[in-house]
Amino acid sequence: MTKDAQAAMRTTADQSRHPNLWPPFTQIESAPLPQRVIAGDGALLLREQGIPLIDAISSWWVTLHGHGHPVMAKAIADQAARLEQVIFADFTHEPAERLGERLSKLTGLDRLFFSDNGSTAVEVALKIACQWWVNRGEPRHQIVAFDGAYHGDTFGAMAVGERNLFSEPFDDKLFPVARCPWPATWWDDPDVDAREQAALAVLETTLQQPTAAVILEPLLQGAGGMAMVRGTFLRQVEMLVRQAGALLIADEVLTGFGRCGDWFACHRAGIQPDLMALSKGLTGGCLPMGVTMASERVFSAFVGADPSLTLWHGHSFTANPLGCAAANASLDLLQQDPDQFRGFEARHRPHLEQLRAHPNVTRCRLTGTVAAFDLSVSGDAGYLNPAGPTIKRIALEHGVFLRPLGQVVYLLPPLCISNDQLGQCYKAIATALDQI
Ligand SMILES: *Cc1c(COP(=O)(O)O)cnc(C)c1O
């Protein structure tokens with residue numbers, strides 16, 4: 001393309017939407033125009049126009065160490081020069097083997113199955129769980145999930161997720177799932193014990209049906225509104241799941257790799273799942289990759305002379321070497337300084353404590369790097385509540401990129417964010433709160 005053509009295209013795109021792109025989760029009729037980003041630097045996004053923005057949601061919860069991290073960039077570039085991709089059925093490679101060993105140690109789950117993103121990591125976990133029972137000759141059909149869950153946008157992941165506006169056109173195609181209440185809690189929540197007991201009672205009754213698997217997001221439901229539960233609740237859930245002989249699937253696509261203040265939310269809660277889905281921060285948020293971790297007990301049911309025992313599943317980019325190299329580099333960074341994620345909660349706390357006094361703030365909550373509260377404003381409490389976009393717009397003017405989930409405002413910044421930048425995020429939120 002000539003320079004003139006490039007310039008012409010740029011001008012057009014600056015004034016309207018690009019005619020060839022279909023953005024995710026966006027109604028282009030009403031959404032503001034997207035802004036062209038030219039670079040990322042640590043916690044900052046640098047735009048073609050306007051002041052730098054603090055990426056306070058880690059670019060949809062993926063960016064772990066910050067943008068343009070030199071260690072990540074070098075690891076990916078070095079790997080690209082050596083081996084960018086190879087079929088993983090007949091071949092293996094060092095970056096995948098190294099990642100397998102490290103993730104097995106970190107998760108306590110011996111086997112790693114690669115896919116491409118969080119949704120596929122969940123799909124694979126569900127398929128493994130169902131086939132595990134078939135392979136054992138005692139098929140079980142019931143899958144249990146929690147109210148408010150989000151597990152991804154492919155059909156299987158949608159089926160276990162909360163049914164809502166987004167899944168409605170497909171509801172007739174989604175397999176049935178039994179639901180239990182999710183006793184989300186917050187600071188100064190007087191009724192949490194009662195809600196947990198009620199949820200456990202429903203789970204116990206539900207598990208009287210033979211159950212293949214129970215799937216949950218440990219400690220924190222992300223898309224469901226940064227809805228946090230206590231570790232004690234999860235330990236009781238695990239006990240009931242064990243009593244019922246069902247498999248426990250932990251969807252740690254969001255919560256893994258330090259986001260919840262420990263390596264994995266399961267560790268912090270004190271539970272040990274049979275299957276774990278990972279993605280997002282897996283590659284430091286640099287490349288798309290998903291993995292499903294499985295216990296050796298689960299894996300062993302797929303081994304034998306009968307071909308029908310095989311997990312007949314795979315993706316073109318299985319164990320992509322670039323993704324593996326990025327994941328190994330990200331683990332290096334996390335292992336060099338685990339206090340960065342362990343200590344993050346303490347950095348949020350004084351700011352959130354100050355915000356909680358604001359009349360428009362309710363239900364403050366905090367787990368690891370994730371801080372959230374609800375706007376106490378009138379109107380629809382769902383994803384489309386208009387107060388969220390107002391907060392978002394005002395924060396943008398103050399150099400902070402937020403993306404509230406309906407009435408839920410949250411910060412989920414990359415680990416590299418400085419104290420000043422974190423302070424700026426809270427200040428922008430406070431300013432926005434004063435204006436609604
Ligand atoms: C984002 C997310 C997914 C889906 O991951 P994608 O990479 O977007 O497919 C699944 N589960 C949880 C908990 C998530 O937050």
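1. Let's start with the side chain of Glu217, which reaches the backbone nitrogen of Gly222 at 3.3 Å. This is a predicted model, so please read the distances here as computed from it. Glu217 sits in the loop that links β7 (211-216) and β8 (220-221).

2. Where is the nearest side chain of opposite charge to Glu217? That is Lys280, 7.7 Å away. Glu217 is buried, yet has no salt bridge; the cut-off for a salt bridge is 4 Å between a side-chain nitrogen of Lys or Arg and a carboxyl oxygen of Asp or Glu.

3. Another loop residue to look at is Thr283, between β11 (275-278) and β12. Is Thr283 buried or exposed? Its relative accessible area is 1%, so Thr283 counts as buried, the cut-off being under 20%. The side chain of Thr283 reaches the backbone oxygen of Leu287 at 2.6 Å.

4. Now to the second largest pocket, which has a volume of about 700 Å³. Its lining is made up of 24 residues, and the closest to the pocket centre are Phe88, Leu112, Phe113, Phe299 and Leu311.

5. Which elements each supply at least two residues of that lining? They are α4 (94-107), β4 (111-115), β12 (290-294) and α10 (296-300). The largest share, four residues, comes from β4.

Key. Residues are numbered from 1 along each chain as its sequence is written. This is a predicted model: local features need pLDDT of at least 70, side-chain atom pairs count only at pLDDT 80 or more; totals for chains, interfaces and linings use all residues. Side-chain values use heavy atoms; hydrogens and water are left out. On a 1 Å grid over the protein atoms alone, a cavity is a set of points where a 1.4 Å probe fits but cannot get out, and a pocket is an open set with protein on both sides within 12 Å along at least five of seven lines; lining residues have an atom within 4 Å of a point. Grid points are joined across faces, edges and corners, and a volume is the space filled by probe spheres set on the points. Buried means under 20% relative accessible area, exposed over 50%, partly exposed in between (1.4 Å probe, protein chains only). Lys and Arg count as positive and Asp and Glu as negative; His and the chain ends are not counted. A polar contact is a pair of N or O atoms within 3.5 Å; within protein, one must be able to donate a hydrogen and the other to accept it, and residues adjacent in sequence count only if both atoms are side-chain atoms.
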